[in-house]
Amino acid sequence: MCGIVAYTGSRNAGEVLIEGLRRLEYRGYDSAGAAILNSGPPYVARAVGKVANLERRVREDKPLGTAGIAHTRWATHGKPTEPNAHPHADCTGRILLVHNGIIENYQPLKKKLLALGHVFHSETDTEVLVHLVESAYAGDLEAAVQKALLQAQGTFGIAVVHADNPARIVAARRGSPIVLGIGKDESLAASDVAALAQHTDQVVYLEDNEIACLEPGQFRIKTLDNRAVDREPTLLEGGREAAERGDFPHYMLKEIFEQPEAVENALRGRLNHSEGVAKLGGLESVFDRLLQARHLIIVSCGTSYYAGLFARYVFEALTDLTVETELASEFRYRKLNIRQNTVVLAISQSGETADTLAALREAKRKGALVLGLVNVVGSTIARETHAGVYSHAGIEIGVASTKSFTSQLTILVLMAVLLGRSRDLSYEQGERVLRALELLPEQIREILAGAARVRELADKYCQAGHFLYIGRKYHYPIALEGALKLKEIAYIHAEGYAAGEMKHGPIALISPTFPTIALAPEDGSYEKVIANIQEIRAREGPVIGVTTHGNSRLHSQVDDVIEVPSSHEILTPLLSVVPLQLFAYYCAVLRGCDVDRPRNLAKSVTVE
Ligand code: AGP
């Protein structure tokens, strides 16, 4: 949702900003705009719809300038129209501002500003901010922004410029991310590293209630209450190439193929074979409290929620903890029974999902120890949890989570081994999981090498209007995840079901035109899943079976088979999800869908 890019340097700002917005397109938006500064009055362009519409305008106008700000807006207050698109300007047109987040007290502020004679041109909450800056401006933009923000309630990530000092950008955050990129003789600010990565690998994450002043190649930070902040740039994970698509036609496919490395990164330095245990440095500071833990509640949304469901089975198998998994959007409104030995684990790729953040804040308020499993370094969830683990999957741009999911599952298994070994999990049991984990990257490579077979199946089935995905135990969450992938990318209605639930309703749907993907690895649940497959076949439903190598028995029971390598029972889901991701991807491509920018979706859901 909403994206910000700001640039000051010596290059053509229009080109840098449009390119930056393109890299933020995956976040979801419905209008875009940019302001470019030089020594004259600022150039401003806005357009409804795709960044390409804005680009066309900027190309025609050819504005000169080496600094500016740009934005993609996902409408909240006011429709997606040109006047509502950012940047918003003050009454003089010399101050321009872009904003992510929501200003909760914008109505009383607007009333006050209108009474003072300010003229508004949009229906947005954002516009009050630029008029507040105007009211406070006395020659120093940074001081004016600081003063204005102290009156604002709600969340913001902003970038502001003033025509009086065109090479200076002021950026600030509270609850909505801003990251600075510092290059040689140029500086950038953005809501997401994806917009910076091609320019520099030196990044600085702003924290809540901080304000930054950027000039070419330089930056300084202080808090909104005026304390100087000394922070050095850090090296961007994955380097400058991290946000490049390379030879892949879509980011989603690239990220599916990056899973072997993502799992390797999740495991790097985290296996202690001599003790059959995992090493997770991020949990060391709270390890004493973890030893006392009896009750684990996992909160998350979407794909991250399915990772949590998977974790429930794994933690129950490897530890003595009682585990609950809850959708963050539900958890935040429940009456919680948090006890002294309750631990809450928030799982999030982006680290910015509003519901997950609200859930963890609620759990903290109630006294729980709150942990995070997050991919984006420095994100809000990563900073607000008491302790946690980064998944190190690298930048994920495709809206559909793929490599972040397999990384999450990997880390969750490591966490379960760590906690299990301090309870009654034996060295042999722990070590067996660790050894199997190490084989995963190569096994995923093997599955990816067979992608053409999955494409053939997509070709055969992609015109079906509905799909059912079934699985049991560790594979139940994978059935849900496979169905979600197909829905969000290929726009095919799909339901994920616990295989044992079939006869309680969904079996009524089965017909020759209603295919089922059945997850049937040879594990403890195999015979039960086979019984469910037979029930479907008896009603003439086509079945694609996903099973482990060498299981020739399944071939006669289903229409088509996809095989994945055998692994530890707990880890097979990390393998069987890969063909499901590929299947959704190829179905989407064959149906002409916009894989990296699926309709109505945003990569990071920062509103409730
Ligand atoms: C998955 O493909 C989705 N795009 C979505 O369900 C996502 O997993 C969810 O919005 C949670 O995001 P998070 O992991 O960044 O918190």
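Reader: What makes two rings an aromatic pair, and how many aromatic pairs does the count come to?
Author: The model is a predicted one, where local features need pLDDT of at least 70, side-chain atom pairs count only at pLDDT 80 or more, and totals for chains, interfaces and linings use all residues. Residues are numbered from 1 along each chain as its sequence is written, and side-chain values use heavy atoms, leaving out hydrogens and water. Rings of Phe, Tyr and Trp (its six-membered ring) pair if their centres lie within 6.5 Å, and by this rule the count comes to six aromatic pairs.

Reader: Why is the aromatic pair of Phe248 and Phe257 called tilted?
Author: Planes under 30 degrees apart count as stacked, over 60 as edge-to-face and the rest as tilted. Phe248 and Phe257 lie 5.7 Å centre to centre with 40° between their planes, so the pair is tilted. Tyr305 and Tyr306 likewise form a tilted pair, with 5.8 Å between centres and 55° between planes.

Reader: How do you know whether Phe248 is buried, exposed or partly exposed?
Author: Buried means under 20% relative accessible area, exposed over 50%, and partly exposed in between (1.4 Å probe, protein chains only). Phe248 has a relative accessible area of 27% and is therefore partly exposed, and Phe257, at 26%, also counts as partly exposed. Tyr305 and Tyr306, by contrast, are both buried.

Reader: What makes Arg599 count as lying over the face of Tyr491?
Author: A charge sits over a ring if NZ of Lys or CZ of Arg is within 6 Å of the ring centre and within 35 degrees of the ring normal. Arg599 is at 3.8 Å from the ring centre of Tyr491, while the charged end of Arg312 sits over the ring of Tyr313, 5.6 Å from its centre.

Reader: How do you know that the span of helix H11 agrees with what it should be?
Author: Helices (H or I, at least four residues) and strands (E, at least two) are DSSP runs, numbered from the N terminus, and the expected span of a helix is 1.5 Å times one less than its number of residues. The twelve residues of H11 (354-365) should span 16 Å and its end C-alpha atoms are 16 Å apart, so the two agree.

Reader: Why is H11 called mostly covered?
Author: Nine of its twelve residues are buried, among them Leu357, Leu360 and Glu362. The elements that cover these buried residues include strand S18 (295-300), helix H10 (328-331) and helix H12 (380-384), and the helix is followed by Gly367, whose phi is positive, near 95°.

Reader: Why is helix H13 described as largely enclosed?
Author: Of the 19 residues of H13, 18 are buried, so this helix is largely enclosed by the rest of the structure. H13 (403-421) reaches 27 Å from its first C-alpha to its last, close to the 27 Å expected at 1.5 Å a residue.

Reader: What makes strand S23 and S24 a pair?
Author: Two strands pair if DSSP finds at least two bridges between them. Six bridges join S23 (466-471) to S24, so the two pair, and they run parallel; the bridge partner of Ile470 in S24 is Tyr497.

Terms used
Contact = heavy atoms within 4.5 Å.
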